[in-house]
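Q: Could we go through this model together? I would like to begin with how its elements are defined.

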Amino acid sequence: MICHILKDADAIGKAAASLFVSQTLRKPDSVLGFATGSSPIPTYQGMIDAYKAGIVDFAGVTTFNLDEYCGLAPDHDQGYRYFMMQNLFDHLNVPHDRIHVPNGLAADFDAEGVAYDAAIDAAGGIDLQILGIGHNGHIGFNEPCDVFPQITHKVTLTESTIEANKRFFASADEVPRYAVSMGIGTILKVRSIVLVATGKGKAEAVKKMIKDDPSPFCPASALQFHPDVTVLLDADAASLL
Ligand code: GLP
């Protein structure tokens, strides 16, 4: 892992956006991997700015998102497809039929997981993936557990994740209890990864990801096995390194 400590969320967003822009300039039919949460929003703004400035054209890319809540329709305003449309895709020229988000309404999540990973493979694999990190070390919605999940799968969300994500809902009771997420194996197959984190609340998870021995109890620590991970932090998130 290569770790850079930058001034603030804005500087991190600009740096991460430049990775997506240069990836797309080098390879206009890139396969790009996206995440939700507040951490990637400055990155998405940087990509939108570059597109509006005429620096980059996203017409040739294909995209895959990490995860989706189970039980929320694609147009639900707390769903992750809706989040991505609002924060990124409505402002770029990515063809909508090449935007992929796991189906939170799938009748059979085992089949959905197999099909989602197969679609990533059929697209040629993900070239560049952005990740945030949960306070408990989750990436995507891979929660701490005793094995690293291999493929896209249904997850039971932990109380700490429900607590952290209730800010986006009217109350904790409305946060879905399940999600469908790329597996750690799916994520490790990506060619290049950029992980962004800010704030003291992420410091412990960042320390476990980078400094501790890899363990599925900190899912992000699996990134130690990946050869091309760039971690962009502010001083607070890096404060326990
Ligand atoms: C959710 C998402 C993760 C994200 C995490 C952190 O749980 N599934 O992909 O990394 O939130 O969100 P934030 O960046 O808002 O702290």
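A: Helices (H or I, at least four residues) and strands (E, at least two) are DSSP runs, numbered from the N terminus. This is a predicted model, in which local features need pLDDT of at least 70 and side-chain atom pairs count only at pLDDT 80 or more, while totals for chains, interfaces and linings use all residues. Residues are numbered from 1 along each chain as its sequence is written, and side-chain values use heavy atoms, with hydrogens and water left out.

Q: Which residue takes a positive phi just after H2?

A: Gly54 does, with a phi of about 80°.

Q: And why does the span of H2 agree with its number of residues?

A: The expected span is 1.5 Å times one less than the number of residues. Helix H2 has 12 residues (41-52), so it should span 16 Å, and its end C-alpha atoms are 16 Å apart.

Q: Which residues of H2 are buried?

A: They are Thr43, Tyr44, Gly46, Met47, Ile48 and Ala50. Buried means under 20% relative accessible area, exposed over 50%, and partly exposed in between (1.4 Å probe, protein chains only).

Q: What covers them?

A: The cover includes helix H1 (9-26), strand S2 (31-34), helix H3 (80-87) and strand S6 (128-131).

Q: Turning to the core, which members of the largest one touch the most others?

A: Of its 56 residues, these are Phe34, Tyr44, Met47, Leu88, Ile130, Leu195 and Leu223. A nonpolar core is a set of buried Ala, Val, Leu, Ile, Met, Phe, Trp, Tyr and Cys residues joined through side-chain atoms within 4.5 Å. Apart from this core lies another, of 10 residues, among them Leu72, Tyr80, Val155 and Val175.

Q: Now the ligand: how many residues surround it?

A: There are 14, and the closest are Ser38, Ser39, Asp67, Arg167 and Lys202. To be near, a residue needs a heavy atom within 4 Å.

Q: What lies 2.5 Å from an oxygen atom of the ligand?

A: A polar side-chain atom of Ser39 does, and one of Lys202 lies 2.6 Å from a ligand oxygen atom.

Note on methods
Contact = heavy atoms within 4.5 Å. Polar contact = N/O pair within 3.5 Å; in protein donor to acceptor, adjacent residues only side chain to side chain.
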